[in-house]
Amino acid sequence: MWQQREVTLPASRRGFHLITDYIERALDELAPVSVGLLHLQLLHTSASLTINENADPSVRRDMEQHFSVMVPENQPYYEHIYEGSDDMPAHIKASMLGSSLTIPIKNGLLYLGTWQGVYLGEHRDHAGARRLLMTLHGES
Amino acid sequence: MWQQREVTLPASRRGFHLITDYIERALDELAPVSVGLLHLQLLHTSASLTINENADPSVRRDMEQHFSVMVPENQPYYEHIYEGSDDMPAHIKASMLGSSLTIPIKNGLLYLGTWQGVYLGEHRDHAGARRLLMTLHGES
Amino acid sequence: MWQQREVTLPASRRGFHLITDYIERALDELAPVSVGLLHLQLLHTSASLTINENADPSVRRDMEQHFSVMVPENQPYYEHIYEGSDDMPAHIKASMLGSSLTIPIKNGLLYLGTWQGVYLGEHRDHAGARRLLMTLHGES
């Protein structure tokens, strides 16, 4: 059984944001699978998806700080600068972290560790809403 | 329905290369699926696959520049140096970016964002052709 | 056909470890598929999975060295410091490398390149055993 649906993540400020609840609510609107995989594809090149700690917000803040140190703005060798100083670093971070995730499903629910949550990495300073494609397959 | 086929990417110079057209042509040779997922596995440890901006070539050049700053050659702590100064950085970049991708399929086509394309990251200075395994599954 | 099973990776010291044999043995305990995909999800936020060179152990040592240079401990901007100086870098490395992999299967075996192996990245100094969820689907 295959199900595919595009959803919209509301605009977020630059940084990492826990979107597990949002994904779970969108999953609830699909027919449940007992065992399967949920594939998430962000349809953008300056934001990312990753799995990390779902408890302390300081983890998300430290990730934002450190990714912005590893991938600084205004490097002298950047040629792609006409979309703003945050744009090229956003592309690089999107590839370092990835724009898709595949998450195991059991009994209709995400099967993740106790401390795992789904993050949206928003790498632009003034981004709009983000399109996310969900593809669910499994056995009912 | 499952289909699996190995294809060959011609040798590329070091850097990031848009291979969306190549993937689409290889996909056209498989039986089409209406909804599904295409898994791509590069069978090498010094090249990578990633999704990023499909328009301006300067994005690919800036990515090459910045990954080579984050992962420099000739670090004093590298022990694995007998395959050339570009080899160990190539292994590290391959793991930072990843050697596989899973791409959603709809009506026989890649379902990606308007500005998204598939990149090969070639991290060696003088690489040969690269083997790529395609695994397609979905419903027809 | 879907199969899902949780297995336990024994505690490892900090660094990168080849776990291909372990994955192959666990795969042998599932019903074989002729063509399919094996999804691996680490149920933790301070360790990672990646595919890299399966031969020379110096590659794993150089990766550990270089990731610890790219993501140093005790950065002045880290707020999340109460779980030890290795904790926040471990979270960042887990997202850079990823906590899941999807590996192609052919005739019941992992379909990887000659030089490819599966690595566990253990990013904590004193971690315990790690839970790994295997989800296998394919045709028999």
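**Exercise 1. Find the residue just after α3(B) that takes a positive phi, and then decide whether helix α3 of chain B is mostly covered or exposed.**

Solution. Begin at the end of the helix in this predicted model: just after α3(B) comes Gly98(B), whose phi is positive, at about 95 degrees. Next, turn to the helix itself, which spans residues 87-97 of chain B. A residue counts as buried when its relative accessible area is under 20%, and eleven of the eleven residues of this helix are buried, which leaves the helix mostly covered. Among the buried residues of α3(B) are Asp87(B), His91(B), Lys93(B) and Met96(B).

**Exercise 2. Work out what kind of axis relates chain A and chain B, starting from the rotation that superposes them.**

Solution. In general, two copies of a chain are related by a rotation about an axis and a shift along it. Here, chain A is superposed on chain B by a rotation of 120 degrees with 0.0 Å of shift along the axis, and the RMSD is 0.0 Å. The two copies are therefore related as by a three-fold rotation axis. To place the axis within chain A, look for Met96(A), whose C-alpha is the nearest to the axis in that chain, at 3.4 Å.

**Exercise 3. Describe the side of chain A that touches chain C, from the contacts to the elements that supply them.**

Solution. Start with the contacts, in which 33 residues of chain A meet 29 residues of chain C. The two chains bury about 2,600 Å² between them, with 57% of this area on carbon and sulfur atoms. Of the area that chain A buries against chain C, 22% is supplied by Asp62(A), His66(A) and Tyr111(A), more than by any other three residues. Then take the charged pair: the count is one salt bridge, and Arg61(A) forms a salt bridge with Glu79(C), the closest N and O atoms lying 2.7 Å apart. Finally, among the elements that give two or more residues to this side are β3, β4 and α2 of chain A, and α2(A) provides the largest share, ten residues. By class, this side has 15 nonpolar, twelve polar and six charged residues.

**Exercise 4. Locate Leu43(A), decide whether it is buried or exposed, and list what it touches.**

Solution. First, Leu43(A) lies in the loop between β3 and β4 of chain A. Its relative accessible area is 4%, and the cut-off for buried is under 20%, so Leu43(A) is buried. Leaving aside residues up to four places away in sequence, Leu43(A) touches Glu6(A), Arg131(A) and Leu133(A), together with Tyr111(B), Leu112(B), Gly113(B) and Gln116(B).

Conventions: Residues numbered from 1 in each chain as written. Chains lettered and ligands numbered in written order. Predicted model: local features only at pLDDT ≥ 70, side-chain atom pairs only at ≥ 80, totals over all residues. Heavy atoms only, no water. Least-squares fit on C-alpha atoms with pLDDT ≥ 70 in both. Contact = heavy atoms within 4.5 Å. Buried area = accessible area lost by both parts, 1.4 Å probe. Salt bridge = Lys/Arg side-chain N within 4 Å of Asp/Glu carboxyl O. Helix = DSSP H or I, 4+ residues; strand = E, 2+ residues; numbered from the N terminus. Nonpolar A, V, L, I, M, F, W, Y, C, P; charged D, E, K, R; others polar. Buried < 20%, exposed > 50% of the residue type's maximum accessible area, 1.4 Å probe, protein only.
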